[in-house]
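Visitor: Could you take me on a close look at one part of this structure? I am new to this, so please start with a single residue and then show me what surrounds that part.

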Amino acid sequence: MTHECSLLLPRVCAALADPRQPGSDDTCLEKLLDWFRELTRFDPSVELLQDNPCLTEFITSVLALPEPSPSILSFTLRLAGILAASENRFRRLQQEKLLVRLFGKDGPLSSAAWEDASVRSGWVGGMRTMTHHQPALRFLCDGGGMDVVFTLQADPSLFVASAASQLLVHVLTLSVESETTTPPSTEDCDWPACAQMIIKHIEDSLQSGSASHIEQSLKLLTSLFGSCQARWTEVLWLGVAKQVESFLTEETVQAQRVLANLLLNMARSPVFCDSEGSFWALVTSALEHLTPVQVGPLAVGIVKLCECPQDVRIQALTVLLQPMDCILRAASQPLEYAGLLDESVSDPAAVESLLSSRSSCASLLCQTLAHLEELLSRVYLRVDLPYTSLLRSLLTILQFCNGFLSPASALGSTISRILINCFRVQRSALGVLAPLSGREGCDTLIGNLFDVLLAYLESLNTSPTVLKKAYQATSKWLVLLQKQSCSNSQWQQTEKILEDVFVVLQKRLCSPCWEVRDSSLEFLTVLIVYLRDQDEFRQALLSSEVPRLAENLLEDPESYVRASAVTAVGHLAFMTYFASQSPVIGNQYNKENTIAKLQEILSTDPEGFPRRAVVNFFTQWLREGCTGQLEDTEQFVSRVIQTVEHDLDWEVRLGGLELVQVFCCHTMCQLGPPECPYAPVSSAGTSSIHLDESLQIFCRAKLLRFLFRSLCDCDKPVGQRACNILMGLRGSLYPINTLQDSQGTGGSPARHGIAWLQRTLREGVLAKNFPTDDGNRVDFEDPESMMLALDTINLEELHDELNQSSDYVEKSPQSLLQDILATVGTIEENEADCY
């Protein structure tokens, strides 16, 4: 412990135990506890208590208070647990009778303070931290503490109840693994005493007939099997398996709900997944008997498992697909299409009943669709999905939701009435459509698919969030359709769909809802990114009104829309720049027009989002090599950074630095060796000439002025990026010996200014404006001065300072203790000690 902490700690303890104080700020108390955890982790000796008697005095003084505040009492319980986590310190606290007074029957347990949940939480937390050795285990088990923990399992505070359950898992694991040398058998005598108490409590609860007690024990087993994969867990399970299995057929709803999570955790454990049949038979029984809502998480977890019998995996998949099968069969009567499943695992009437109920239909479908989307997002599955039938079922659901399908069956009519305009189900179904693109057999339904998607894109009843999902699905399938049309000459179908999409897009870009305009621009950008190389796509897009409308939105009143318009218009310019033929509509989207418009936005837009979008696009434009000759690029970058360096938005300035970095790479790769960027180069004459020319370009473009001023930026990320770029430039522009030779040329007018620059940067890294003086201004456009600056300034030291987090001050022991003192607001001399 530091000397400063040794001086402050007694005052902190006295301040916290002061009965005149109503309590302390919970955040500061947690920070102090964190510090104690770190301190005791590195110092497990008893000397910590001997050298700082104020700690035990603090605990004693809190116990002596007639009514300590709940926060201070909870803090004291947790602190005692941290200190007692070491066996040596535990014995010391035991000798002073402090632990029994805190955690025993005569402590807070029997006081009015126990009614406060924070005190009960502090008791459980302190006991959990303490129980890392045998003496603490015996203290808990022999002192009546286990009965307290069993009671707290049913605490009205969910946090306390969960912590109590976790404590039991921890104690059971520690007891078995520290007190046994051979694996326990099913006989009680083979279990350690503490473990016997917990196991008996589990068995008694499961046989009690009380729904709450059964649920508590099932949750405890779920947590145990999820955290511990030792062989002894199988022995414990064999003692309760028959009782747990009986819950599948009993009307104990709470037990059935938790049972699915228990079985899934067991299936993930190698102890049970390798077992011979008995466990998997129980899983099969659960798949058959649990309700569709209860069994969903178990089924999807089983399908994803690597180690699982294939017949069980197929059964789990069947359970997942059953609601989709029911939807497909309810769509028409008699059946027009076969369903997804040849046979059902559980009673189909249960699914039909849920889908016929307004209270459960949407929830069941959303859960099922979420599970299917999760499965489709996986690269590899050990079971095949019926993709074509699944897609047909999704389209049926979407048609139910927008009222475009009038089924003849009674069940279908009921489901349709329930789902009409159900946004939750619409979003979920459209989310599954996207990952289905490209799956085997789905291309046969492309016509029907786009009919449904276009209906959603056109409908005024489509909410903005659903429209966004529809756009995402449409873009995925359009890209797939474009690839197919190129390979099988189905261009006419693609051309018609594109025309319809652009007609809808024209309307959506004029929507009074800004979210619709924004997502429409994002959709347009995605299409251009993926399809800009296709001549047919460019022809269809540029022949429509979409480009003009997108450009008009550069002046939209909503800043988010303007930002999306910047990106869309920029990609339109990309598309025409790379086109093999001249654009259909003249030179409206040539490079010069686009750059001029976007530079005006960068200079004049009052909101940060559009300006950030402009800088990001300019960087991409430069990275793609769209700026022409090096001279043109130099002028372009110079204009941009002179605008950006005065921007009030730090993210715009940071984007400007990324533009500078790309320009440096671009320039040096054109003038220097091909293996750059930022690689150390040889001092050969040609390379040296090229590097000198690079530095001259950087100076003329006012790039180095921007970098050095960014070092002093008030926002740390800007300074960090600038420092990294300057370090890269210094390593690439000049070898070390060249810099050293240049410094021996005698005193130059700039050298004093460079020294002043170094002092300024070191002393004023966070200065808002880069300072200058009349006599020694730094010439940022002089290559020789900049070369000296790169060598004179200690960029490594500056880099370390900029990358050092303020946590080293804020989280130091002294600072933490000062926070506590400041929070409790004690007498003036303590405040003076802090500051």
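Guide: Let's begin at Leu704, which is in contact with Leu695, Phe698, Cys699, Leu726, Leu729, Phe780 and Met786 once its neighbours within four places in sequence are left aside. Please keep in mind that this is a predicted model.

Now let's follow H19 to one of its partners. H19 packs with helix H22, residues 387-402, at an angle of about 65 degrees, and their axes are 9 Å apart. The crossing of these two helices is left-handed. On the H19 side, the contact is made by Leu321, Met324, Ile327 and Leu328. H22 brings Ser389, Leu390, Arg392, Ser393, Leu394, Thr396, Ile397 and Phe400. Sorted by class, the residues of this contact are eight nonpolar, three polar and one charged.

For another pair of helices, look at H4, residues 54-64, and H5, residues 70-83. They pack at an angle of about 140 degrees, with their axes 11 Å apart, and H4 passes H5 in a left-handed crossing. Here Leu55, Phe58, Ile59 and Val62 in H4 meet Ile72, Leu73, Phe75, Thr76, Leu79, Ala80 and Leu83 in H5. The residues of this contact divide into 10 nonpolar, one polar and no charged.

Next, a stop in a loop. Thr180 is found between helix H11 (158-179) and helix H12 (193-206). Thr180 counts as partly exposed because its relative accessibility is 22%. Not counting residues up to four places away in sequence, Thr180 touches Ser175, Asp190 and Pro192. Its C-alpha atom is separated by 7.8 Å from that of Trp191, which is 11 residues apart from Thr180 along the chain.

Finally, let's step back to the whole chain. Its secondary structure comes to 45 helices and zero strands. Of the 835 residues in the chain, 53% are buried. Among contacts with a separation of 6 or more, 72% are between residues 24 or more positions apart. The chain exposes about 37000 Å², and carbon and sulfur atoms supply 49% of that area.

Technical notes: Residues numbered from 1 in each chain as written. Predicted model: local features only at pLDDT ≥ 70, side-chain atom pairs only at ≥ 80, totals over all residues. Heavy atoms only, no water. Axes fitted to C-alpha atoms, helices over the stretch in contact; angles between N-to-C directions. Helix = DSSP H or I, 4+ residues; strand = E, 2+ residues; numbered from the N terminus. Left-handed = near helix turned anticlockwise from the far one by under 90°. Contact = heavy atoms within 4.5 Å. Nonpolar A, V, L, I, M, F, W, Y, C, P; charged D, E, K, R; others polar. Buried < 20%, exposed > 50% of the residue type's maximum accessible area, 1.4 Å probe, protein only. Areas by Shrake-Rupley, 256 points an atom, 1.4 Å probe, with all protein chains shown as cover.
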